[in-house]
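This report describes selected features of one protein model. Please examine the sequence and the structure before reading on.

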Amino acid sequence: MGIHVIKMPDIGEGIAEVELVAWNVKVGDMIVEDQVMADVMTDKATIEIPSPVYGKVLALGGAAGQVMAVGSELIRIEVEGAGNVDANAAAPVAAAPTTAAPAPAAPAPVEKPAPVTSTLAPAPTSTAPVATKSTSSTPSAARANGEKPIASPAVRRRAWDLGIELQFVPGTGTAGRITHEDLEAYVARGSVTASSGGSSYRELHEETAIPVIGLRRKIAQKMQDAKRRIPHFSYVEEVDVTELEALRTQLNQKWGKERGKLSLLPLLMRAVVLAVRDYPQINARYDDEAGVVTQFAAVHLGIAAQTPAGLMVPVVRHAEARDLWSNANEMGRLAEAARTGKATREELSGSTITISSLGALGGIVSTPVINSPEVAIIGVNKMVERPMIRNGQVVARKMMNLSSSFDHRVVDGMDAAQFIQTIRGYLECPATLFIE
């Protein structure tokens, strides 16, 4: 038998370090070729690291949340044959993070499960208190069904405040009387559960520490950097989308089965494509280090999407060359890829302007954070039917707010207002969306 060491691979594009997001194996596991061992994250995407060999995991080179340099030892595997390192070499100790940024403390070492090989020390997780807990009697065995627990009023009141049913608490007092000490012992055993008889006003003291790692850490870093570097200002305008909704309904009735149902977003995407022709300084990216603003003729629309891992922004490329259904289909494909973790680095980068839609979740105003290095983001709020005055008459109209943010270093307030007013004009007279 030999030892095969796998090092952190070179992801490419000049990346010198990556964050170890999660282990998919543990010490003692048997793994096969091409089995995914770990997930690592670059600035843009999560990448799976497969195993090139078959064997048994002996040691892991880092903990989830740790930043590791390319070329550092990732995992050590026992294989048949000679392996690629000296079998007598010591197993690695998890390396310290390679960047100055503080890595959050992991809740437990990744090597926590007990190794199965006799040459490694047993995991120090099996302790006497755990054994005691596993051998203690179950609460239901405290007394027979129908037998009333004996306890003083003070004990009963305390049990009520703790949410404990006395029926399940063993009593050590005279004639099985339940004492304060019995309650404390019951709580210490971890037997307290939420019950219908407990008080909903009892004090709660639990705390949960959740490490900020992986995509959530990247989101936090990017949002902090955007707010630190970009002087945001927001502009909110309400839009009458009554005619737009009527058009969308007609299009879905006629073409829905054949081409797919349209939401409001493809229509808004078309309005943005047309509006940036008149305001190219808003379809741009700003390199503040070089002091250069790059304006784009192509419209690569970032569509903010919530995923189980956090907020991601897949990019609909060349939205200017797509019709409503092409935009809708591409947006749906990218959103599904992001939700399932299959979106590529190219599909999550390169946007020139972003749309963030919180309308489905409610809210009439938002202040979206600019997706740096872009200079603008358009936020969509919920649609509501409200009484409005038109031609001296009170009528019901469908209204929706656009809450947008701009980089004040590049975009003046007047330009931002005129840009949003232009979008509003297209949406309130939707026939103009199709007039060249």
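Which residues form a nonpolar patch on the surface?

## The surface patch

The model discussed here is predicted. Its nonpolar surface patch consists of Met-30, Val-32 and Tyr-54, which together have about 300 Å² of accessible area. Val-32 belongs to the loop between strand S3 (30-31) and strand S4 (36-41). With a relative accessible area of 42%, Val-32 is partly exposed, because that class covers values between 20% and 50%.

## A hairpin with alternating side chains

In strand S10 (residues 284-287), the side chains alternate between two faces.

S10 pairs with strand S11 (residues 292-295) in the antiparallel sense, over 4 bridges. Asp-287 has Val-292 of S11 as its bridge partner. The hairpin has 4 residues between its strands, and Gly-291 takes a positive phi near 70° there.

## The second largest pocket

The second largest pocket has a volume of about 390 Å³. It is lined by 22 residues, of which Met-41, Thr-46, Leu-215, Ala-309 and Gly-341 are the closest to its centre. At least two lining residues come from each of S4, strand S5 (46-50), helix H4 (214-229) and helix H7 (324-339).

## The six-stranded sheet

An open sheet of 6 strands runs in the order S9-S18-S17-S16-S12-S15, and its pairing is mixed. Strand S9 (232-240) and strand S15 (315-316) stand at the edges; each has a single partner strand, so one side of each is left without a neighbour in the sheet.

Within this sheet, strand S17 (residues 376-390) and strand S18 (residues 393-407) pair in the antiparallel sense over 13 bridges. Arg-386 stands opposite Arg-397 in S18.

Most residues other than glycine have a negative phi, and most peptide bonds are trans. Where does the model depart from this pattern? His-318, although not a glycine, has a positive phi of about 50°. His-318 is placed in the loop between S15 and H7 and is partly exposed, at 40% relative accessibility. Asn-391, also not a glycine, has a positive phi of about 55°. This residue is found in the loop between S17 and S18, and Asn-391 is exposed, with a relative accessible area of 81%.

The peptide bond from Ser-372 to Pro-373 is cis, with omega near 10°. Pro-373 lies in the loop between strand S16 (353-357) and S17.

Conventions:
Residues are numbered from 1 along each chain as its sequence is written. This is a predicted model: local features need pLDDT of at least 70, side-chain atom pairs count only at pLDDT 80 or more; totals for chains, interfaces and linings use all residues. Side-chain values use heavy atoms; hydrogens and water are left out. Patches are made of residues with over 30% relative accessible area and no salt bridge: like charges are joined within 9 Å, nonpolar side chains (Val, Leu, Ile, Met, Phe, Trp, Tyr) within 5 Å. Accessible areas come from the Shrake-Rupley method with a 1.4 Å probe; for residues, only the protein chains shown count as cover. A salt bridge is a side-chain nitrogen of Lys or Arg within 4 Å of a carboxyl oxygen of Asp or Glu. Buried means under 20% relative accessible area, exposed over 50%, partly exposed in between (1.4 Å probe, protein chains only). Two strands pair if DSSP finds at least two bridges between them. On a 1 Å grid over the protein atoms alone, a cavity is a set of points where a 1.4 Å probe fits but cannot get out, and a pocket is an open set with protein on both sides within 12 Å along at least five of seven lines; lining residues have an atom within 4 Å of a point. Grid points are joined across faces, edges and corners, and a volume is the space filled by probe spheres set on the points.
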